[in-house]
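Subject: Structure for your review

Hello,

Here is the structure, with notes on what turned up in it. Please look it over when you have time.

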Amino acid sequence: FWRYLPPELHGSDLTFLLITPIGGFHWKPLNESPRPRQVWKRGSELASKKILAYEEGGSNGEKGTNARSTVALVTASSVASGSPVEAYCISLDGQNTILPI
C-alpha cells in the first residue's frame, strides 16, 4: 500500500507513505538521502490484514519545515470475504502505540 501525503504534513516536503509487512515508512525522494524511514511498526493487530485506507494528521505544533503529523488512522480488514472493517489509531511519535477504535 502506498499513498502520497500532502506537503503541509511534513514541512512542505514531497512525501510518500509505504506500508509493508514490517510497518509504515515515509519516503522523501527529493532528500539528499532518499531512503525510506520507518515511522511505525506493524504490530500483531495489523499482521496479515489488508490495508484499506490511511490518513495522517495532528500537529507537532511547529510551522514550516519543522511541521510533522503526529497520528495516523488506518482502516484494515482480514482478507476473508465478508470480514468487518477495523480502524486503528497509530502514534507517530516513535512510541509505536496502536489503538483499535
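**Core, sheet and aromatic pairs**

Trp 40 and Tyr 54 are both buried, where buried means under 20% relative accessible area, exposed over 50% and partly exposed in between, with a 1.4 Å probe and protein chains only. The model is predicted, so local features need pLDDT of at least 70 and side-chain atom pairs count only at pLDDT 80 or more, while totals for chains, interfaces and linings use all residues. Residues are numbered from 1 along each chain as its sequence is written, and side-chain values use heavy atoms, leaving out hydrogens and water.

Strands here are DSSP runs (E, at least two residues), numbered from the N terminus. Leaving aside residues up to four places away in sequence, Leu 46 touches Trp 40, Ile 51, Val 74, Ala 76, Tyr 88, Ile 90 and Ile 98, contact being heavy atoms within 4.5 Å.

Four strands form an open sheet in the order β5-β6-β7-β8, with antiparallel pairing; two strands pair if DSSP finds at least two bridges between them. β5 and β8 (98–100) are at the edges with a single partner strand each, so one side of each has no neighbour in the sheet. β5 and β6 run antiparallel and are joined by seven bridges. Glu 55 stands opposite Leu 73 in β6.

There are four aromatic pairs in the structure. Rings of Phe, Tyr and Trp (its six-membered ring) pair if their centres lie within 6.5 Å; planes under 30 degrees apart count as stacked, over 60 as edge-to-face and the rest as tilted. Phe 16 and Trp 27 form a tilted pair, because their ring centres are 5.6 Å apart and their planes are at 35°. Phe 16 is buried, at 17% relative accessible area, whereas Trp 27 is partly exposed, at 31%. Trp 40 and Tyr 54 form a stacked pair, 6.5 Å centre to centre with 15° between the planes. Trp 40 is in strand β4 and Tyr 54 in strand β5, so this pair ties together parts 14 residues apart in sequence. Ring pairs also link Trp 2, Tyr 4, Phe 16 and Trp 27 into a cluster.

Regards
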